[in-house]
Amino acid sequence: MEDFNINYDESQVPHYTLPDPLTFEDGRPVVDAAAWTTARRPELVALFEQTVYGRAPARPEMLVFEVIEEADDALEGHATRKQVAIRLGDGPQAAVLDLLIYLPHARSGPAPLFVGLNFMGNHTVTADPAVRLPSSWVRNIPDRGIEDHQATPAMRGSASSRWALTEILARGYGLATLYCGDIDPDFDDGFRNGVHALYERDDTAGDAWGTLSAWAWGLSRALDYFETDPAIDTARVAVLGHSRLGKTALWAGASDPRFALVISNDSGCGGAALSRRRFGETVRRINTVFPHWFCTNFKAYNDNEAALPVDQHELLALIAPRPLYVASAAEDLWADPRGEFLAAHAADPVYRLLGTPGLPADTWPEVDRPVWGSIGYHVRAGGHDVTAFDWAQYLAFADRHLG
Ligand code: GTR
């Protein structure tokens, strides 16, 4: 096993200088909001595409939404459940993304909603027996009888503690989720499966899209469906994700401005944490263990973070002026909670330039003491997870910003 020299000692964090989001690559300052929006922001999006996540295609021409099921008596009569097949492309390479949606009955008008990818299949998010099992590749879990990469009912509801479904619906929000593996199975196959297979790929292009980029693109396809559903308020869609799917939610929010609010839960390296700090997971470690997540060009920054033209605070800044919540966990040192706070703090000048309150905190807040402006942040007690505490903040933050 390669030695990655993982550092958990604050005194060993290298001295670093962050690139300034409010300075163009040619050294000119960004003088006003218009210069940010029309010129600097696109410059940064292109840099993230070229050096970190890779370039995703536009919305595909072959995009069909098939409502497979609509039941208005779901969850003991409190919600409508919809299961929608998003069909992409045709022929043997066609991909189908299964979207699961719950909408609250207690609402006036179209529902605002949270959308996020899940790790193991829609059926893991809730024990609701009507939820369809994925037909795409799933990780084998021999203890739970999962072999040959086929989903089984054994995992129904296994991730339900991470999705505060009852609470979300009671507060008047919908919840939509899809399985990341429907979009792209989470293993390194040379980009021949999932939605990558729909497109010609130039393997020599260092900026060809990786798996995180494909997952984020899949979230945009869910938004394409929401735009066709009058029961959903497309202007109030919050995208969220945990860990690798939190990295994905951030890139989805940065690359698709239709997401009205973005939530990163413990996203860490390649998500909300600053790469230059090299605290916990590093660029070299993530590129080695997950060679398919980012674009090939990102590998040039293994042990060479100072050469990156961007750092992750600029990813957060791309979400401005839309509300952004960054959540860390105190024991989740692998994801560098302090580095996540520092990234949010370094994104604040862009939020302020755009006339929002930004992040009203100059020092890392105490555990379990959320701070909120247009950027919200907390470091919760405990480890790498999504908990009721996290959801309580997300719901309150959404109430404040989505109305
Ligand atoms: C880890 C990885 C992290 C994070 C995590 C997860 O193995 O190193 O970057 O993504 O997986 O997604 O649970």
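Is Asp 266 buried or exposed, and what is its relative accessible area? Asp 266 is buried, with a relative accessible area of 1%. The legends below describe a predicted model, beginning with the whole protein and then turning to single residues.

**Figure 1. Overview of the predicted protein model.**
The protein contains 10 helices and 10 strands. Its radius of gyration is 20 Å, close to the 22 Å that the globule rule gives for 403 residues, so the protein is as compact as a globular protein of that length. Along the principal axes, the C-alpha atoms fill a box of roughly 55 × 45 × 40 Å. Of the 403 residues, 59% are buried. Among contacts between residues at least 6 apart in sequence, 67% join residues at least 24 apart. The protein exposes about 15,400 Å², and carbon and sulfur atoms supply 51% of that area.

With neighbours within four places in sequence left aside, the contacts of Leu 99 include Lys 82, Gln 83, Val 84 and Ile 86. Also among the contacts of Leu 99 are Asn 122, Ala 176, Thr 177 and Leu 178. Ala 222, Tyr 225 and Phe 226 are in contact with Leu 99 as well.

**Figure 2. Asp 224 in helix H5.**
Asp 224 has 2% relative accessibility and counts as buried, because the cut-off for buried is under 20% relative accessible area. Leaving aside neighbours within four places in sequence, Asp 224 is in contact with Arg 59, Leu 63, Phe 65 and Arg 258. One of these, Leu 63, is 161 residues away from Asp 224 in sequence, while their C-alpha atoms are 9.1 Å apart in space.

**Figure 3. Arg 277 in the loop between strand S7 and helix H7.**
The loop that holds Arg 277 runs between strand S7 (261-265) and helix H7 (283-289). Arg 277 counts as buried, at 1% relative accessibility. Not counting residues up to four places away in sequence, Arg 277 touches Glu 10, Val 13, Pro 14 and Tyr 16, among others. Its contacts also include Asp 336, Arg 338, Gly 339 and Leu 342.

**Figure 4. Asp 266 and Asp 336, two residues with positive phi.**
Asp 266 lies in the loop between S7 and H7. Its phi is near 50 degrees, a positive value in a residue other than glycine. Asp 336 is placed in the loop between S8 and helix H9 (337-353). Phi of Asp 336 is also near 50 degrees, and this residue too is not glycine. Asp 336 is buried, at 2% relative accessibility.

**Figure 5. Tyr 16 in the segment before helix H1.**
Helix H1 covers residues 33-53. Tyr 16 counts as partly exposed, at 25% relative accessibility. Leaving aside neighbours within four places in sequence, Tyr 16 is in contact with Leu 274, Arg 276, Arg 277 and Leu 342. The C-alpha atoms of Tyr 16 and Ala 306 are separated by 7.2 Å, and these two residues are 290 residues apart along the chain.

**Figure 6. The cis peptide bond from Ala 320 to Pro 321.**
Omega of this peptide bond is near 0 degrees. Pro 321 lies in the loop between helix H8 (312-317) and strand S8 (324-329).

**Figure 7. Asp 72 in strand S1.**
Strand S1 covers residues 63-73. Asp 72 counts as exposed, at 55% relative accessibility. With neighbours within four places in sequence left aside, Asp 72 is in contact with Ala 79, Thr 80 and His 105. Asp 72 and His 105 are 33 residues apart in sequence, and their C-alpha atoms are 8.4 Å apart in space.

Conventions: Residues are numbered from 1 along each chain as its sequence is written. This is a predicted model: local features need pLDDT of at least 70, side-chain atom pairs count only at pLDDT 80 or more; totals for chains, interfaces and linings use all residues. Side-chain values use heavy atoms; hydrogens and water are left out. Helices (H or I, at least four residues) and strands (E, at least two) are DSSP runs, numbered from the N terminus. The radius of gyration is taken over C-alpha atoms; the globule rule is 2.2 Å times the number of residues to the power 0.38. Buried means under 20% relative accessible area, exposed over 50%, partly exposed in between (1.4 Å probe, protein chains only). Contact means heavy atoms within 4.5 Å. Accessible areas come from the Shrake-Rupley method with a 1.4 Å probe; for residues, only the protein chains shown count as cover.
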